[in-house]
Amino acid sequence: MAAPPGPDVPGFTDLAKQSYGGLDGQVQENITRYEARFEPKEDSEQQKKERIERSQEITDSFYELITDFYEYGYGRSFHFAPVFDGKTLDECLAEYEKATARLLKAKPGMRILDVGCGVGGPQRQIAKYSGAHVVGMNIQAYQLKRARQHTEKEGLQKSCSYIQSDFCHMDKIEDDTYDGVYIFEASCHAPSPVDVYREVYRVMKPGAYFVDSNWTMTDSYDPHNPEHKRIKHEIEIGNGITELRTEQEVLEAMRTVGFEVIEFKNCHRDGDLPWYTFLVGKGWCSLQNFRASPVGRWMTHAVLSVLESVGMVPKGTSQVHTILMRGCLGLIAGGKTDIFTPMFRLVARKPLES
């Protein structure tokens with residue numbers, strides 16, 4: 001069962017106190033500027049190019065605005081997982097994280113890098129499960145602050161540490177440092193997957209394993225289908241992604257930098273139920289499941305609108321939540337049409353002779 005609202009999982013009062021990592025009065029301005037970067041829906045190639053070039057700025061702005069909402073509505077693990085009947089959201093997420101640890105062959109004495117660690121949910125789970133030391137890397141200062149708070153609360157400072165860095169330029173990390181690397185749904189924010197994979201390859205020891213669970217458009221996606229394009233756009237604007245790639249583009253990027261690709265698959269098909277099940281309302285018996293449901297989202301939006309009208313949360317708060325709901329509806333549509341997956345998982349190895 002998910003933890004009740006409090007210092008670890010924000011409730012409405014916590015959102016009012018800590019939203020946006022100190023942005024406060026800038027929320028309205030920031031969310032308006034953020035939306036403008038994605039409009040109009042019919043992007044020209046030049047507009048797409050400019051947005052990709054500014055992907056780091058867009059991603060940082062997005063997560064400054066929505067981190068507290070993610071924790072409130074979804075928990076501390078900002079990723080999807082195969083959904084199994086009879087399992088809660090937290091249980092499904094934990095099992096996928098443990099499976100990643102097994103693929104990495106993580107064990108005590110190893111140092112593992114979590115690229116784009118969010119607030120550290122997967123990092124702490126993998127550290128506890130495997131006994132390895134897991135280093136969380138993130139460019140977003142507010143998320144790192146939250147990650148450190150959670151880690152201290154759980155008493156995991158000896159097995160979890162942090163680096164603030166751009167994942168396309170890991171200048172603080174020497175070559176051949178880590179015994180394994182994983183990414184949960186973060187490399188989709190990069191200007192190019194090659195930029196991320198090249199740096200991951202560099203910082204890994206020869207023979208080490210890399211697991212990337214990525215957001216991609218599936219082979220069912222038709223770039224000439226207006227409805228497919230609309231769904232893709234809604235996913236992008238609602239999740240701070242400059243341009244979603246296809247499965248083939250991601251696979252080729254990993255091979256381009258020298259990785260030996262061991263396995264690639266759509267892991268959302270491993271579950272008993274569709275991967276978007278919790279977004280359409282499964283298992284309201286837990287608070288966390290309810291918050292992620294359509295009714296939970298509607299209630300959150302209604303309460304935030306009231307709080308904003310009386311000045312208890314910054315102006316623009318409900319607009320931020322509207323963007324997230326757009327993204328959520330886009331994800332559901334992408335799942336139902338099978339043109340999108342949040343779990344295109346690649347397992348790769350850095351060759352021993354590299």
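**Entry 1: H5 against H6.** I looked up which residues join these two helices: Ala-94, Glu-97, Lys-98, Thr-100, Ala-101 and Arg-102 in H5 meet Gly-121, Pro-122, Gln-125, Ile-126, Tyr-129 and Ser-130 in H6. Contact here means heavy atoms within 4.5 Å. By class, I find 5 nonpolar, 4 polar and 3 charged residues in the contact of H5 with H6. Ala, Val, Leu, Ile, Met, Phe, Trp, Tyr, Cys and Pro count as nonpolar, Asp, Glu, Lys and Arg as charged, and the others, Gly among them, as polar.

**Entry 2: source.** I note that the model is predicted, that local features need pLDDT of at least 70 and side-chain atom pairs pLDDT 80 or more, and that totals for chains, interfaces and linings use all residues. Residues are numbered from 1 along each chain as its sequence is written, and side-chain values use heavy atoms, leaving out hydrogens and water.

**Entry 3: geometry of H5 and H6.** H5 covers residues 89–104 and H6 residues 121–130; they pack at about 60°, with axes 9 Å apart. Helices are DSSP runs (H or I, at least four residues), numbered from the N terminus. Axes are lines fitted to C-alpha atoms over the stretch in contact, and angles run from 0 to 180 degrees between N-to-C directions. H5 is therefore oblique to H6. Oblique is what remains after under 35 degrees (roughly parallel), over 145 (roughly antiparallel) and 65 to 115 (roughly perpendicular).

**Entry 4: H9 against H14.** I then turned to H9 (residues 226–237) and H14 (residues 317–337), which pack at about 140° with axes 7 Å apart. H9 is therefore oblique to H14.
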